[in-house]
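Try each task by yourself before you read its solution.

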Amino acid sequence: MQSLTKRRLSAAELDVLMRGSTGLGCRLETELTDGWFNTAYRVRLDDGRAAVVKLAPPADAPVLRYERGIMATEAMVYRRLASLSGYGVPTPALLHAGDGFLAVSVLEGTPWDKVADRLPSMARTVLRRELGAITARLHTLAPEDGRFGYPAAESALSAPDWRSAFTAMVDALLDDAERWQSALGVPPDDIRTMVAEGGYALDEVTEPRLIHFDLWPGNIFVHVPAGDASDPWITGIIDHERAFWGDPAAELVSLAFGGEAGPDSDLVAGYVQAGGRLDFTPAFRHRLALYGLYLGLLLVVECGPRGYGADHLASCRRTLNERVAELRALG
(Lines give C-alpha, C1' and ligand atoms only; values in the text may rest on other atoms or scores of the structure.)
Protein backbone atom coordinates (compact mmCIF):
# COMPACT_ATOMS: atom_id res chain seq x y z
CA MET A 1 0.00 0.00 0.00
CA GLN A 2 1.32 3.44 -0.94
CA SER A 3 1.27 6.05 1.83
CA LEU A 4 2.89 9.44 2.33
CA THR A 5 3.95 8.31 5.82
CA LYS A 6 6.28 5.60 4.53
CA ARG A 7 10.02 6.12 4.96
CA ARG A 8 12.14 4.21 2.45
CA LEU A 9 15.79 3.30 2.72
CA SER A 10 18.18 1.72 0.24
CA ALA A 11 19.89 -1.61 0.95
CA ALA A 12 23.05 0.24 1.93
CA GLU A 13 21.17 2.61 4.24
CA LEU A 14 19.42 -0.30 5.97
CA ASP A 15 22.77 -2.00 6.53
CA VAL A 16 24.23 1.18 8.03
CA LEU A 17 21.16 1.64 10.27
CA MET A 18 21.31 -1.90 11.63
CA ARG A 19 25.08 -2.01 11.96
CA GLY A 20 25.24 1.31 13.76
CA SER A 21 22.48 0.42 16.22
CA THR A 22 23.02 -3.30 16.79
CA GLY A 23 26.57 -3.97 15.60
CA LEU A 24 25.10 -6.45 13.12
CA GLY A 25 24.59 -5.56 9.46
CA CYS A 26 22.00 -6.93 7.10
CA ARG A 27 21.28 -7.76 3.47
CA LEU A 28 18.01 -6.52 2.00
CA GLU A 29 15.82 -9.29 0.57
CA THR A 30 12.54 -7.50 -0.22
CA GLU A 31 10.17 -4.74 0.81
CA LEU A 32 6.95 -5.99 2.44
CA THR A 33 4.31 -3.88 0.75
CA ASP A 34 1.10 -4.86 2.60
CA GLY A 35 1.58 -2.29 5.39
CA TRP A 36 -0.44 0.95 5.43
CA PHE A 37 1.61 3.24 7.72
CA ASN A 38 5.16 2.08 8.41
CA THR A 39 7.70 0.69 5.94
CA ALA A 40 8.83 -2.92 6.42
CA TYR A 41 11.72 -4.81 4.87
CA ARG A 42 12.63 -8.47 5.07
CA VAL A 43 16.38 -8.74 5.58
CA ARG A 44 19.02 -11.37 6.26
CA LEU A 45 21.18 -10.46 9.23
CA ASP A 46 24.91 -11.04 9.07
CA ASP A 47 24.55 -13.92 11.52
CA GLY A 48 22.20 -15.70 9.08
CA ARG A 49 18.88 -14.99 10.77
CA ALA A 50 15.94 -13.71 8.77
CA ALA A 51 14.31 -10.60 10.21
CA VAL A 52 11.78 -7.88 9.45
CA VAL A 53 12.95 -4.30 9.93
CA LYS A 54 10.07 -1.89 10.46
CA LEU A 55 10.62 1.86 10.01
CA ALA A 56 8.53 4.61 11.58
CA PRO A 57 7.59 7.58 9.36
CA PRO A 58 10.18 10.35 9.00
CA ALA A 59 10.34 12.69 11.98
CA ASP A 60 8.83 15.55 9.96
CA ALA A 61 5.99 13.48 8.46
CA PRO A 62 2.52 14.67 9.51
CA VAL A 63 0.73 12.02 11.57
CA LEU A 64 -2.44 11.83 13.62
CA ARG A 65 -2.13 12.60 17.30
CA TYR A 66 -2.69 9.02 18.42
CA GLU A 67 0.11 7.93 16.06
CA ARG A 68 2.78 9.88 17.91
CA GLY A 69 5.22 7.45 19.51
CA ILE A 70 3.43 4.29 18.39
CA MET A 71 6.63 2.55 17.26
CA ALA A 72 7.65 2.47 20.93
CA THR A 73 4.18 1.16 21.77
CA GLU A 74 4.71 -1.77 19.42
CA ALA A 75 8.06 -2.59 21.03
CA MET A 76 6.42 -2.43 24.47
CA VAL A 77 3.71 -4.85 23.37
CA TYR A 78 6.27 -7.33 22.07
CA ARG A 79 8.07 -7.22 25.41
CA ARG A 80 4.86 -7.67 27.40
CA LEU A 81 3.71 -10.57 25.22
CA ALA A 82 7.08 -12.27 25.71
CA SER A 83 6.45 -12.16 29.46
CA LEU A 84 3.25 -14.23 29.27
CA SER A 85 3.50 -17.74 30.62
CA GLY A 86 1.71 -20.85 29.43
CA TYR A 87 0.29 -20.78 25.92
CA GLY A 88 0.75 -17.02 25.64
CA VAL A 89 0.12 -15.10 22.42
CA PRO A 90 2.02 -16.17 19.29
CA THR A 91 3.85 -13.22 17.76
CA PRO A 92 7.30 -12.41 16.33
CA ALA A 93 10.18 -12.04 18.76
CA LEU A 94 11.50 -8.53 19.26
CA LEU A 95 15.16 -8.62 18.21
CA HIS A 96 15.95 -4.93 18.58
CA ALA A 97 14.17 -1.63 19.17
CA GLY A 98 16.03 1.46 18.01
CA ASP A 99 15.30 5.12 17.38
CA GLY A 100 12.43 5.07 14.89
CA PHE A 101 12.71 1.42 13.96
CA LEU A 102 12.52 -2.11 15.29
CA ALA A 103 13.59 -5.54 14.09
CA VAL A 104 11.57 -8.69 14.72
CA SER A 105 11.84 -12.34 13.80
CA VAL A 106 10.06 -13.67 10.72
CA LEU A 107 6.78 -15.51 11.30
CA GLU A 108 6.15 -18.80 9.57
CA GLY A 109 2.90 -18.94 7.68
CA THR A 110 0.82 -16.61 5.51
CA PRO A 111 -1.53 -13.72 6.30
CA TRP A 112 -5.02 -15.13 6.81
CA ASP A 113 -6.58 -12.90 4.16
CA LYS A 114 -4.28 -14.43 1.52
CA VAL A 115 -5.52 -17.99 2.14
CA ALA A 116 -9.11 -17.39 3.29
CA ASP A 117 -10.63 -18.67 0.04
CA ARG A 118 -8.81 -21.99 0.40
CA LEU A 119 -10.11 -22.80 3.88
CA PRO A 120 -13.08 -25.14 4.30
CA SER A 121 -15.86 -24.20 6.71
CA MET A 122 -14.65 -26.44 9.55
CA ALA A 123 -11.12 -25.05 9.31
CA ARG A 124 -12.47 -21.50 9.60
CA THR A 125 -14.44 -22.56 12.69
CA VAL A 126 -11.33 -23.98 14.34
CA LEU A 127 -9.26 -20.91 13.49
CA ARG A 128 -11.87 -18.47 14.79
CA ARG A 129 -12.06 -20.37 18.07
CA GLU A 130 -8.27 -20.35 18.32
CA LEU A 131 -8.23 -16.62 17.60
CA GLY A 132 -10.77 -16.06 20.35
CA ALA A 133 -8.56 -17.90 22.83
CA ILE A 134 -5.49 -15.92 21.75
CA THR A 135 -7.42 -12.67 22.18
CA ALA A 136 -8.52 -13.67 25.69
CA ARG A 137 -4.88 -14.27 26.64
CA LEU A 138 -3.90 -10.91 25.13
CA HIS A 139 -6.50 -9.26 27.33
CA THR A 140 -4.89 -10.55 30.52
CA LEU A 141 -2.22 -7.86 30.13
CA ALA A 142 -2.80 -4.66 32.12
CA PRO A 143 -0.84 -1.38 32.29
CA GLU A 144 1.71 -0.98 35.03
CA ASP A 145 0.45 2.51 35.86
CA GLY A 146 -3.25 1.59 35.80
CA ARG A 147 -4.11 4.25 33.19
CA PHE A 148 -6.41 3.95 30.19
CA GLY A 149 -5.70 5.13 26.65
CA TYR A 150 -2.65 5.19 24.39
CA PRO A 151 0.64 4.23 26.08
CA ALA A 152 2.94 6.70 24.27
CA ALA A 153 3.48 9.87 26.27
CA GLU A 154 3.85 11.84 23.01
CA SER A 155 0.14 11.47 22.27
CA ALA A 156 -0.97 12.70 25.72
CA LEU A 157 -4.05 10.50 25.32
CA SER A 158 -4.29 8.63 28.60
CA ALA A 159 -6.44 9.13 31.69
CA PRO A 160 -7.23 7.42 35.00
CA ASP A 161 -10.70 6.35 33.82
CA TRP A 162 -12.01 4.95 30.54
CA ARG A 163 -14.69 7.56 29.86
CA SER A 164 -12.10 10.35 30.03
CA ALA A 165 -9.54 8.47 27.95
CA PHE A 166 -11.98 7.46 25.23
CA THR A 167 -13.49 10.94 25.05
CA ALA A 168 -9.99 12.39 24.63
CA MET A 169 -9.23 9.83 21.90
CA VAL A 170 -12.33 10.88 19.94
CA ASP A 171 -11.65 14.59 20.49
CA ALA A 172 -8.09 14.13 19.18
CA LEU A 173 -9.42 12.58 15.96
CA LEU A 174 -11.93 15.40 15.55
CA ASP A 175 -9.11 17.92 15.99
CA ASP A 176 -7.13 16.03 13.34
CA ALA A 177 -10.21 16.06 11.09
CA GLU A 178 -10.35 19.85 11.34
CA ARG A 179 -6.62 20.10 10.64
CA TRP A 180 -6.92 17.98 7.51
CA GLN A 181 -10.33 19.37 6.51
CA SER A 182 -11.77 15.86 6.49
CA ALA A 183 -15.33 15.73 5.17
CA LEU A 184 -16.90 13.45 7.78
CA GLY A 185 -20.51 13.66 6.63
CA VAL A 186 -21.60 14.22 10.23
CA PRO A 187 -21.10 17.35 12.37
CA PRO A 188 -18.28 16.95 14.92
CA ASP A 189 -20.58 18.17 17.69
CA ASP A 190 -22.98 15.32 16.88
CA ILE A 191 -20.14 12.85 17.38
CA ARG A 192 -19.22 14.46 20.69
CA THR A 193 -22.85 14.24 21.78
CA MET A 194 -23.05 10.55 20.90
CA VAL A 195 -19.92 9.84 22.95
CA ALA A 196 -21.29 11.83 25.90
CA GLU A 197 -24.59 9.94 25.74
CA GLY A 198 -22.65 6.69 26.04
CA GLY A 199 -20.83 7.85 29.16
CA TYR A 200 -22.89 5.63 31.45
CA ALA A 201 -21.75 2.58 29.46
CA LEU A 202 -18.11 3.66 29.33
CA ASP A 203 -18.13 4.07 33.10
CA GLU A 204 -18.75 0.32 33.47
CA VAL A 205 -15.17 -0.33 32.32
CA THR A 206 -12.97 -0.11 35.40
CA GLU A 207 -9.99 -2.34 34.53
CA PRO A 208 -7.79 -1.42 31.54
CA ARG A 209 -6.62 -4.27 29.33
CA LEU A 210 -4.32 -4.40 26.31
CA ILE A 211 -6.38 -3.91 23.15
CA HIS A 212 -4.69 -4.60 19.79
CA PHE A 213 -7.47 -2.85 17.81
CA ASP A 214 -6.17 -4.03 14.43
CA LEU A 215 -6.90 -7.75 14.38
CA TRP A 216 -8.16 -7.97 10.84
CA PRO A 217 -7.10 -11.09 8.87
CA GLY A 218 -4.09 -9.38 7.27
CA ASN A 219 -2.44 -9.09 10.70
CA ILE A 220 -3.01 -12.75 11.60
CA PHE A 221 -0.64 -15.37 10.19
CA VAL A 222 -1.74 -18.96 9.70
CA HIS A 223 -0.05 -22.16 8.63
CA VAL A 224 -1.96 -24.25 6.12
CA PRO A 225 -0.37 -27.70 5.70
CA ALA A 226 0.46 -28.50 2.09
CA GLY A 227 -2.31 -30.56 0.56
CA ASP A 228 -4.52 -30.37 3.67
CA ALA A 229 -6.30 -27.03 4.13
CA SER A 230 -8.58 -28.65 6.72
CA ASP A 231 -6.00 -28.47 9.53
CA PRO A 232 -4.54 -24.93 9.74
CA TRP A 233 -3.37 -23.11 12.85
CA ILE A 234 -2.43 -19.56 13.82
CA THR A 235 1.31 -18.90 13.89
CA GLY A 236 1.16 -15.34 15.18
CA ILE A 237 -0.30 -11.83 15.17
CA ILE A 238 1.58 -8.73 14.04
CA ASP A 239 1.35 -4.92 13.89
CA HIS A 240 0.74 -3.97 17.51
CA GLU A 241 1.35 -0.23 17.08
CA ARG A 242 -2.30 0.80 17.36
CA ALA A 243 -2.64 -0.89 20.75
CA PHE A 244 -4.14 0.94 23.70
CA TRP A 245 -5.24 0.17 27.26
CA GLY A 246 -9.00 -0.06 27.34
CA ASP A 247 -12.17 -2.13 27.09
CA PRO A 248 -11.99 -5.72 25.72
CA ALA A 249 -15.24 -5.04 23.86
CA ALA A 250 -13.32 -2.71 21.55
CA GLU A 251 -11.37 -5.66 20.16
CA LEU A 252 -14.50 -7.03 18.50
CA VAL A 253 -14.56 -4.11 16.05
CA SER A 254 -11.51 -5.25 14.06
CA LEU A 255 -12.13 -8.94 14.73
CA ALA A 256 -15.47 -8.59 12.94
CA PHE A 257 -13.63 -7.90 9.66
CA GLY A 258 -12.65 -11.58 9.64
CA GLY A 259 -16.02 -13.11 10.50
CA GLU A 260 -18.90 -13.17 12.94
CA ALA A 261 -18.02 -11.72 16.36
CA GLY A 262 -21.39 -11.81 18.11
CA PRO A 263 -22.35 -13.67 21.29
CA ASP A 264 -23.04 -16.95 19.46
CA SER A 265 -19.93 -16.85 17.29
CA ASP A 266 -17.03 -19.30 17.25
CA LEU A 267 -14.72 -16.41 18.10
CA VAL A 268 -16.56 -15.58 21.33
CA ALA A 269 -16.85 -19.29 22.20
CA GLY A 270 -13.06 -19.59 22.02
CA TYR A 271 -12.64 -16.38 24.01
CA VAL A 272 -14.91 -17.57 26.82
CA GLN A 273 -13.44 -21.06 26.89
CA ALA A 274 -10.00 -19.50 27.42
CA GLY A 275 -11.26 -17.56 30.44
CA GLY A 276 -12.38 -14.29 28.86
CA ARG A 277 -15.70 -12.59 29.57
CA LEU A 278 -17.92 -10.68 27.14
CA ASP A 279 -21.43 -10.11 28.50
CA PHE A 280 -23.25 -8.43 25.55
CA THR A 281 -25.55 -6.42 27.82
CA PRO A 282 -27.26 -3.30 26.40
CA ALA A 283 -24.45 -1.18 27.86
CA PHE A 284 -21.85 -3.49 26.29
CA ARG A 285 -23.53 -3.16 22.90
CA HIS A 286 -23.67 0.62 23.29
CA ARG A 287 -19.91 0.68 23.94
CA LEU A 288 -19.31 -1.61 20.98
CA ALA A 289 -21.19 0.82 18.74
CA LEU A 290 -19.06 3.70 20.07
CA TYR A 291 -15.88 1.80 19.24
CA GLY A 292 -17.17 1.16 15.73
CA LEU A 293 -17.76 4.90 15.42
CA TYR A 294 -14.21 5.56 16.60
CA LEU A 295 -12.69 3.22 14.03
CA GLY A 296 -14.85 4.64 11.26
CA LEU A 297 -13.75 8.15 12.20
CA LEU A 298 -10.11 7.07 12.31
CA LEU A 299 -10.27 5.49 8.85
CA VAL A 300 -11.62 8.67 7.29
CA VAL A 301 -9.29 11.10 9.03
CA GLU A 302 -6.10 9.13 8.34
CA CYS A 303 -6.72 9.50 4.59
CA GLY A 304 -5.50 13.11 4.86
CA PRO A 305 -1.91 12.68 6.07
CA ARG A 306 -1.45 9.40 4.22
CA GLY A 307 -2.60 10.75 0.87
CA TYR A 308 -4.98 7.91 0.02
CA GLY A 309 -6.99 8.10 -3.20
CA ALA A 310 -10.61 9.06 -3.74
CA ASP A 311 -11.92 5.48 -3.99
CA HIS A 312 -10.40 4.49 -0.65
CA LEU A 313 -11.66 7.67 0.99
CA ALA A 314 -15.18 7.02 -0.29
CA SER A 315 -15.10 3.50 1.13
CA CYS A 316 -13.98 4.82 4.52
CA ARG A 317 -16.74 7.43 4.53
CA ARG A 318 -19.32 4.72 3.87
CA THR A 319 -17.96 2.79 6.85
CA LEU A 320 -18.19 5.87 9.08
CA ASN A 321 -21.75 6.63 7.92
CA GLU A 322 -22.81 3.04 8.66
CA ARG A 323 -21.33 3.24 12.16
CA VAL A 324 -23.05 6.56 12.85
CA ALA A 325 -26.36 5.07 11.72
CA GLU A 326 -25.88 2.02 13.95
CA LEU A 327 -25.18 4.19 16.97
CA ARG A 328 -28.15 6.45 16.32
CA ALA A 329 -30.37 3.39 15.95
CA LEU A 330 -29.57 2.44 19.54
CA GLY A 331 -31.34 5.61 20.65
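The model is predicted, so local features need pLDDT of at least 70 and side-chain atom pairs count only at pLDDT 80 or more, while totals for chains, interfaces and linings use all residues. Residues are numbered from 1 along each chain as its sequence is written, and side-chain values use heavy atoms, with hydrogens and water left out.

**Exercise 1. Helix 5 and helix 10**

Task: Find how the axes of helix 5 and helix 10 cross, and list the residues that make the contact.

Solution: 
- Start with the elements: helices (H or I, at least four residues) and strands (E, at least two) are DSSP runs, numbered from the N terminus. Helix 5 covers residues 162-179, and helix 10 covers residues 282-301.
- Next, take the axes, which are lines fitted to C-alpha atoms, for helices over the stretch in contact, with angles from 0 to 180 degrees between N-to-C directions. The two axes come within 9 Å and cross at roughly 25°.
- Helix 5 is therefore roughly parallel to helix 10. The classes are: under 35 degrees roughly parallel, over 145 roughly antiparallel, 65 to 115 roughly perpendicular, and the rest oblique.
- The crossing of helix 5 with helix 10 is left-handed; that is, the near helix is turned anticlockwise from the far one by less than a right angle, with clockwise being right-handed.
- Now list the contacts (heavy atoms within 4.5 Å). Helix 5 brings Trp 162, Phe 166, Met 169, Val 170, Leu 173, Leu 174, Asp 176 and Ala 177, and helix 10 brings Leu 290, Tyr 291, Tyr 294, Leu 297, Leu 298 and Val 301.
- Sorted by class, this contact has 13 nonpolar, no polar and 1 charged residues. Here Ala, Val, Leu, Ile, Met, Phe, Trp, Tyr, Cys and Pro count as nonpolar, Asp, Glu, Lys and Arg as charged, and the others, Gly among them, as polar.

**Exercise 2. Helix 6 and helix 10**

Task: Work out the angle at which helix 6 and helix 10 cross, and the class of the residues between them.

Solution: 
- Helix 6 spans residues 188-197, and its axis comes within 10 Å of that of helix 10, at a crossing of roughly 155°.
- Helix 6 and helix 10 are thus roughly antiparallel, and their crossing is left-handed.
- From helix 6, Ile 191, Met 194, Val 195 and Glu 197 meet His 286, Leu 290, Leu 293 and Leu 297 of helix 10.
- The classes come to 6 nonpolar, 1 polar and 1 charged residues.

**Exercise 3. Helix 10 and helix 12**

Task: Repeat the analysis for helix 10 and helix 12.

Solution: 
- The axis of helix 12 (residues 310-330) and that of helix 10 come within 8 Å, crossing at roughly 160°.
- This makes the two helices roughly antiparallel, and helix 10 passes helix 12 in a left-handed crossing.
- On the helix 10 side the contact includes Arg 285, His 286, Leu 290, Leu 293 and Leu 297, and on the helix 12 side it includes Leu 313, Cys 316, Arg 317 and Arg 323.
- By class there are 12 nonpolar, 4 polar and 3 charged residues in the contact.

**Exercise 4. Two cysteines**

Task: How many disulfides are there?

Solution: 
- Apply the cut-off: a disulfide is a pair of cysteine sulfur atoms within 2.5 Å. The count comes to 0 disulfides.
- For Cys 303, the nearest cysteine sulfur is that of Cys 316, 4.1 Å away, and Cys 303 is in no disulfide.
- Cys 316 is likewise in no disulfide.
- Cys 303 is buried, at 6% relative accessibility, and Cys 316 is buried at 5%. Buried means under 20% relative accessible area, exposed over 50%, and partly exposed in between (1.4 Å probe, protein chains only).

**Exercise 5. Single residues**

Task: Decide whether Val 115, Asp 189, Ala 156 and Gln 181 are buried or exposed.

Solution: 
- Val 115, in helix 3 (residues 112-115), is buried with a relative accessible area of 4%. Beyond four places in sequence, Val 115 touches Thr 110, Val 222 and Val 224.
- Asp 189 belongs to helix 6 and is exposed at 53%. Its C-alpha is 9.3 Å from that of Leu 174, 15 residues away in sequence.
- Ala 156 sits in the loop between strand 7 (148-149) and strand 8 (158-159) and is exposed at 52%. Its phi is positive, near 50°, in a residue other than glycine.
- Gln 181 lies in the loop between helix 5 and helix 6, and its relative accessible area of 73% makes it exposed. Gln 181 also has a positive phi, about 55°, although it is not a glycine.
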